[in-house]
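The following note sets out points for a colleague reading this model. Please consider them alongside the sequence and the coordinates.

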Amino acid sequence: HPVTITCGNAALRWGQIRHDNAQPAIYRHTIITRGGFAPGEGHTGQAPIVRPNNSTITFENCSLTDHAEPNGTPGKIGYGINSDLTFRNCLLSRARTGPEIQGTALLATNCWFIDMRGPDDSDGIYLHGQQAGQQIKISHCVFAGGDDDGIDTLDSVVNVDNTILRDWNSVIEDAKAVSVFSGATHLRR
C-alpha cells in the first residue's frame with residue numbers, strides 16, 4: 001500500500017503524511033516542516049503531520065518542526081494508531097503537541113521534544129495504552145519547554161531512562177514534567 005500525502009493550502013500549510021496499512025518505512029536525514037492543514041483528530045483534536053495506522057515507521061536523524069503557530073494551531077507531530085514507531089536522534093519541536101500514540105509500540109532514543117505551545121494538552125508526547133506485547137521506551141532524550149506535560153500517559157506502561165524533563169511550568173495549565181493516569185511509568189536517571 002502506498003503512502004499518501006494530503007495537500008492543503010499551499011500558501012500557508014500542507015496537509016499530512018499517511019501510512020495506512022503500509023509497508024515498513026524509514027525516514028533518514030529528513031526535514032518535515034510546516035504541515036498541519038488537515039482534519040483534527042485524537043485527544044488534542046489537532047491535525048497530525050505524520051499519521052500511521054497499522055504501520056511501522058522509523059525516523060533517524062530527522063527534524064519534525066514548525067507545525068504550529070504561537071497560539072497552538074494547527075498541527076501536532078503525529079498520531080499513531082496500532083503501529084510501531086521508532087525515533088532515533090530526532091528533533092520534534094514547535095508543534096501543538098508531540099506525537100500522540102494509541103495501541104502503538106514506541107522507541108525514542110537521543111531525541112529532543114521541545115517548545116510545544118498552545119492551550120490544553122500541549123504535551124511533549126501523549127502515550128495511550130499499547131497493545132499486548134508492545135513496549136514504550138524513552139531513553140537519553142530531552143523534553144523541554146511546553147505548556148502542559150512533558151510526558152502525558154493514559155493506561156500505558158512506559159519506561160523512561162537517562163532523560164531530562166524541564167520547563168513544563170505553564171501557569172495556565174496544570175503543567176508538569178510527567179503525568180500518569182492509570183498504567184505504570186518507570187523513571188530511571
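This is a predicted model: local features need pLDDT of at least 70, side-chain atom pairs count only at pLDDT 80 or more; totals for chains, interfaces and linings use all residues.

1. Aspartate 161 has arginine 188 as its bridge partner in S21. The strands S18 and S21 run parallel and are joined by five bridges. Strands here are DSSP runs of E with at least two residues, numbered from the N terminus, as helices are (H or I, at least four residues); two strands count as paired if DSSP finds at least two bridges between them.

2. Residues are numbered from 1 along each chain as its sequence is written, and side-chain values use heavy atoms, with hydrogens and water left out.

3. The strand pair of the opening point belongs to an open sheet of seven strands, ordered S3-S6-S9-S12-S15-S18-S21, with parallel pairing. Strand S3 (25-28) and strand S21 (184-188) are the edges; each has a single partner strand, so one side of each has no neighbour in the sheet. From one strand to the next the twist averages 10°, where axes are lines fitted to C-alpha atoms (for helices over the stretch in contact) and angles run from 0 to 180 degrees between N-to-C directions.

4. Asparagine 162 lies in the loop between strand S18 (157-161) and strand S19 (164-166). Its side chain makes a polar contact of 3.1 Å with that of aspartate 161. A polar contact is a pair of N or O atoms within 3.5 Å; within protein, one must be able to donate a hydrogen and the other to accept it, and residues adjacent in sequence count only if both atoms are side-chain atoms. Asparagine 162 is partly exposed, at a relative accessible area of 27%; buried means under 20%, exposed over 50%, and partly exposed in between (1.4 Å probe, protein chains only).

5. Which residues does asparagine 162 contact, leaving aside neighbours within four places in sequence? They are His140, Cys141, Arg188 and Arg189, a contact being heavy atoms within 4.5 Å. Between asparagine 162 and cysteine 141 the C-alpha to C-alpha distance is 7.2 Å, at a separation of 21 residues in sequence.

6. The structure holds zero disulfides, a disulfide being a pair of cysteine sulfur atoms within 2.5 Å. For cysteine 141 the closest cysteine sulfur is that of cysteine 111, at 4.7 Å, which is too far for a bond. For cysteine 111 the closest is that of cysteine 90, at 4.6 Å, again too far for a bond. Cysteine 141 is buried at 2% relative accessibility, and cysteine 111 is buried at 1%.

7. A second open sheet has six strands in the order S4-S7-S10-S13-S16-S19, with parallel pairing. Its edges are strand S4 (31-33) and S19, each with a single partner strand, so one side of each is left without a neighbour in the sheet. Neighbouring strands are turned by 5° against each other on average, direction ignored. Within this sheet, strand S13 (residues 112-116) runs parallel to strand S16 (residues 142-146) and is joined to it by four bridges; tryptophan 112 stands opposite valine 142.

8. In strand S14 (residues 125-128), Ile125 and Leu127 point one way and Tyr126 and His128 the other, and all are buried. S14 pairs in the parallel sense with S11 over two bridges, isoleucine 101 standing opposite leucine 127. Four bridges join S14 to strand S17 (residues 149-154), also running parallel, and aspartate 152 is the bridge partner of tyrosine 126.

9. Leu127 is among the residues with the most contacts inside the largest nonpolar core, which has 32 residues; Phe59, Phe87, Leu106 and Ile138 are the others listed. Such a core is a set of buried Ala, Val, Leu, Ile, Met, Phe, Trp, Tyr and Cys residues joined through side-chain atoms within 4.5 Å.

10. Threonine 97, in the loop between strand S10 (91-93) and strand S11 (99-102), is buried at 1% relative accessibility. A polar atom of its side chain lies 3.4 Å from the backbone oxygen of aspartate 121.

11. Asparagine 61, between strand S6 (56-60) and strand S7 (63-65), has a positive phi of about 55° although it is not a glycine. Asparagine 89, between strand S9 (84-88) and S10, also has a positive phi of about 55°.
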